[in-house]
Amino acid sequence: MAVIIAVANQKGGVGKTTTACNLGAGLARRGERVLLVDMDPQSNLTAGFGLEKNLDDTITHALLDRNASLPILQVEDKSGVAINVCPADLSLSGVETASVEKLGREMRLRDQLSKVDTDYDFILIDTPPSLGVLTINALVAANWVVIPTEARFFSMQGLDMLSESLEEVQYLNPNLRIMGVVLSKFDRRLREEQKVTEYLRESWGDRVFSTVVPTNSKILEASSAGVSLYAYKGANAARGIYDKLVEEVIARV
Ligand SMILES: Nc1ncnc2c1ncn2[C@@H]1O[C@H](COP(=O)(O)OP(=O)(O)OP(=O)(O)O)[C@@H](O)[C@H]1O
Ligand SMILES: [Mg+2]
């Protein structure tokens, strides 16, 4: 059975998609069988693998119809490492209202993943910047949550809010555990960020990953170019950082 990790934070632009994409690619390069699931109507993860054009089917259908199966596409990077992606598009934003009257609306993704989870070692779920039904579905389906955050004061308030929501979700999914918080866009030049990091390590202890991802132009460029860092030229330093994060993830499961 796969280890299922939701990458979540209701705050926008903190590095959820970048973390999901590069953790997934890093795990795949180590020979793990990886499925990445896009649960965000913005579908940045889908676009991050260049899959946004001519999609026949997306995750929306499988969330609304129990009998439909998850569309899964295989992508190979330049060095031939394969990764599987379940794509999304904007139609996913309709699931919230379309599922209001559906029974077990929070369990839809869990039920779909239970049909395929023996095919993978790791399933990573990217979530939107909200705590709506899509994020709840991801948290109900997962065994672990990885929380990317910026080292800013308001981000810390957001983390407290997220912890409360996680406790609520544990009512539906008692197996859900926090794997860790990752500083995903750290700017060491800013005093504010150093102070907030100290505070975070004090209050969250070893639930904060030792690996810190600094702001790095190659990370930004690779995501705009629609590839993971592992397929982007000149991104060795950034890759090395995600390799360390991958090692920490493997050590924690
Ligand atoms: N370490 C980094 N250095 C520089 N840019 C980064 C870094 N991590 C992420 N980014 C950039 O920051 C932006 C936001 O990152 P990302 O899309 O991963 O966040 P997100 O939490 O998924 O956003 P959303 O909430 O909208 O889904 C992107 O343009 C991404 O390329
Ligand atoms: Mg995102």
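## Pairs, cover and contacts in a predicted model

Tutor: Let's start with one facing pair: Val 34 stands opposite Phe 122 in S5. This is a predicted model, where local features need pLDDT of at least 70 and side-chain atom pairs count only at pLDDT 80 or more, while totals for chains, interfaces and linings use all residues. Residues are numbered from 1 along each chain as its sequence is written, chains are lettered from A and ligands numbered from 1 in the order in which they are written, and side-chain values use heavy atoms, with hydrogens and water left out.

Student: What makes S2 and S5 a pair of strands?

Tutor: DSSP must find at least two bridges between two strands. S2 and S5 (residues 122–126) are joined by 5 bridges, so they pair, and they run parallel. S2 also has 3 bridges to strand S4 (residues 82–86), again parallel, so that pairing counts too. There, Val 37 stands opposite Cys 86. The strands themselves are DSSP runs (E, at least two residues), as are the helices (H or I, at least four), numbered from the N terminus.

Student: Why is strand S2 called mostly covered?

Tutor: A residue is buried under 20% relative accessible area, exposed over 50%, and partly exposed in between (1.4 Å probe, protein chains only). In S2 (residues 34–38), 5 of its 5 residues are buried. Val 34, Leu 36 and Asp 38 point one way, while Leu 35 and Val 37 point the other way. In a regular strand the side chains alternate between the two faces of the sheet.

Student: How do you know which residues Arg 33 is in contact with?

Tutor: Contact means heavy atoms within 4.5 Å. Leaving aside neighbours within four places in sequence, that gives Thr 118, Asp 119, Tyr 120, Asp 121 and Phe 122. With Asp 119 there is a polar contact as well: a polar side-chain atom of Arg 33 lies 3.3 Å from the backbone oxygen of Asp 119. The limit for such a pair of N or O atoms is within 3.5 Å; within protein, one must be able to donate a hydrogen and the other to accept it, and residues adjacent in sequence count only if both atoms are side-chain atoms.

Student: What makes Lys 185 and Glu 150 a salt bridge?

Tutor: The definition asks for a side-chain nitrogen of Lys or Arg within 4 Å of a carboxyl oxygen of Asp or Glu. Here the closest N and O atoms are 4.0 Å apart, so the pair is counted. It links distant parts of the chain: Lys 185 sits in the loop between strand S7 (177–183) and helix H8 (191–204), and Glu 150 in the loop between strand S6 (144–149) and helix H7 (153–172), 35 residues apart. Side chains of opposite charge can pair when their charged atoms come close.

Student: How many salt bridges does the whole structure hold?

Tutor: The search finds 9. Among them is Arg 152 with Glu 193, at 2.7 Å from N to O. That pair also joins distant parts of the chain, the loop between S6 and H7 and helix H8, 41 residues apart.

Student: Which residues are closest to ligand 1?

Tutor: Near means having a heavy atom within 4 Å of the molecule. 20 residues surround ligand 1, the closest being Lys 16, Thr 17, Thr 18, Asn 216 and Ser 223.

Student: What makes Thr 18 a polar contact of ligand 1?

Tutor: An N or O atom in the Thr 18 side chain is 2.5 Å from an oxygen atom of ligand 1, so the pair meets the distance limit. A polar side-chain atom of Lys 185 lies 3.1 Å from a ligand oxygen. The protein buries 84% of the 630 Å² that ligand 1 exposes when taken alone, with accessible areas from the Shrake-Rupley method with a 1.4 Å probe; for residues, only the protein chains shown count as cover.
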